[in-house]
Amino acid sequence: MTKTQIKSMATNAGRKLNAVQKDVYNRDLVTAINHSQLKEISQQLDDLYGVLDRYYQHSLKAAMDEAMEYTELVKKRIDALAEYIRPTRLKAVHISPKSIVSMLDTEQQAIHHLSTLLDAIQLGGKA
């Protein structure tokens, strides 16, 4: 896997996060569909972590370690957000779309930072 392919995993997660944000904003409603989309993003970040972990075992570079830790942090926050808007809770409690859009914006910034960390990684001397 090339560095470009690894970075595209983070970029795709960022695009999906942006789609969730636009969906919530345009509908002015938080739905169970948004919960499912966040779970998919979480899985993508989990996959990214797995790829980084495989490369880390071969290279032991500090930049790789930092990117792995940050990927795990972002995944945990996405999981927490998905838990916050889980379908059963949506039926019982009104959740402000504005607050969700704001939280998603924070995660968008985090994924942008993750892309910056991935840029710093050197794979096999070719980066």
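Guide: The crossing of helix 1 and helix 2 is left-handed, meaning that the near helix is turned anticlockwise from the far one by less than a right angle; helices are DSSP runs of H or I with at least four residues, numbered from the N terminus. This is a predicted model, in which local features need pLDDT of at least 70 and side-chain atom pairs pLDDT 80 or more, while totals for chains, interfaces and linings use all residues. Residues are numbered from 1 along each chain as its sequence is written, and side-chain values use heavy atoms, without hydrogens and water.

Visitor: At roughly what angle do the axes of helix 1 and helix 2 cross?

Guide: Axes are lines fitted to C-alpha atoms over the stretch in contact, with angles from 0 to 180 degrees between N-to-C directions. Those of helix 1 (residues 3-27) and helix 2 (residues 32-59) come within 10 Å, and they cross at roughly 165°.

Visitor: Is Q21 buried or exposed?

Guide: Q21 lies in helix 1, and its side chain reaches the backbone oxygen of V101 at 3.2 Å. Buried means under 20% relative accessible area, exposed over 50% and partly exposed in between, with a 1.4 Å probe and protein chains only. Since its relative accessibility is 12%, Q21 counts as buried.

Visitor: Is D28 buried or exposed?

Guide: D28 is found in the loop between helix 1 and helix 2, where its phi is near 55°, a positive value in a residue other than glycine. With a relative accessible area of 57%, D28 is exposed.

Key: Helices (H or I, at least four residues) and strands (E, at least two) are DSSP runs, numbered from the N terminus. A polar contact is a pair of N or O atoms within 3.5 Å; within protein, one must be able to donate a hydrogen and the other to accept it, and residues adjacent in sequence count only if both atoms are side-chain atoms.
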